Amino acid sequence: MSETAAQNTPKSRQEKDDYFKTVKVLKRPEVNLTRTLPRPTEYSLALDNEYKEIAFNEERAPENKGQWRSKVFKVSEDMPLDVEIGTGAGNHFAHWAIKHPERLLVGLELKYKPLIQSIRRAKVASCKNAAICRYHAFNLDLLFDKGEVNNVFIHFPDPWTSPYKPKNRVVNRIILDWIYEMQRPGSFLDFKTDSREYFLWALEEIKASKYKIEFQTLNLYSENNKYKEENFATGFEKIFTKQGIEINYIRLVK
């Protein structure tokens, strides 16, 4: 094989899966700006108008770094502040905010409709402890300061199962290190996915992190335990389980 042909040969699957073992700095994703949308929708408009005090676009959100408690919620630094990465339609987001009024909650979501649905669910329930931002998880280090965060939820993120896509997965060793530094001692990180491939891949990334594994299972519903009892099943999760799809779950602690 010529040198040129060798250079153009696609990387092996193993090389693609090992992406985070060699990459030290994540490539910043390109995210379109809300203020430059050529055709604003009712949801993008709501972000900067109706919900602007508790919903932040990609430009305003990082201005709160290190100040989420004092600037956004106007509470003491002792109040726990949790984060949900990828709120989807906001079922778990609203559930957690309602169930834990003694804790704060900040959600991340890129898509406008589910973003507004999430914060709307919390607001309709009269929650004063929830805020949301349009932000990409690969920019998470620009959003929270060290020691600013408590518990973190990552539920059913895009599994990126294409051979060329593992580098887009959120649960990777670089982001895990970021979150670990952002969290306060004693906090946990919950990760759930219906993708066995993603979960097994993530376990290798977790092994390279500073986290301790408190509990893990390839089938959350296979036995009775406190994690199953405490679990909040979203609409999609209920569909998965009815179809016989096993839910992979892990809790990490700092």
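This is a predicted model: local features need pLDDT of at least 70, side-chain atom pairs count only at pLDDT 80 or more; totals for chains, interfaces and linings use all residues.
Which helix gives the largest share of the lining of the second largest pocket?

## The largest pocket

Let's start with the space itself: the largest pocket holds about 1,200 Å³. Its lining is made up of 41 residues, and G86, E109, P157, D158 and V170 are the ones closest to the pocket's centre.

Three elements, β2 (81-85), α6 (91-99) and α11 (235-242), each bring at least two residues to this lining. The top contributor is α11, which provides 4 residues.

Next comes the second largest pocket, with a volume of about 240 Å³. Here 16 residues form the lining, and those nearest the centre are W96, D190, E230, N231 and R251.

Back to the opening question: the helix is α6, which supplies 4 residues, the largest share of this lining. At least two residues each come from α6, β5 (152-155), β6 (188-193), α10 (226-230) and β8 (248-253). By type, the lining of the second largest pocket splits into 6 nonpolar, 5 polar and 5 charged residues.

## An element to follow in both

If you have the structure open, α6 is a handy place to look. This helix supplies at least two residues to the lining of the largest pocket, and at least two to that of the second largest pocket.

Key:
Residues are numbered from 1 along each chain as its sequence is written. Side-chain values use heavy atoms; hydrogens and water are left out. On a 1 Å grid over the protein atoms alone, a cavity is a set of points where a 1.4 Å probe fits but cannot get out, and a pocket is an open set with protein on both sides within 12 Å along at least five of seven lines; lining residues have an atom within 4 Å of a point. Grid points are joined across faces, edges and corners, and a volume is the space filled by probe spheres set on the points. Ala, Val, Leu, Ile, Met, Phe, Trp, Tyr, Cys and Pro count as nonpolar, Asp, Glu, Lys and Arg as charged, and the others, Gly among them, as polar.
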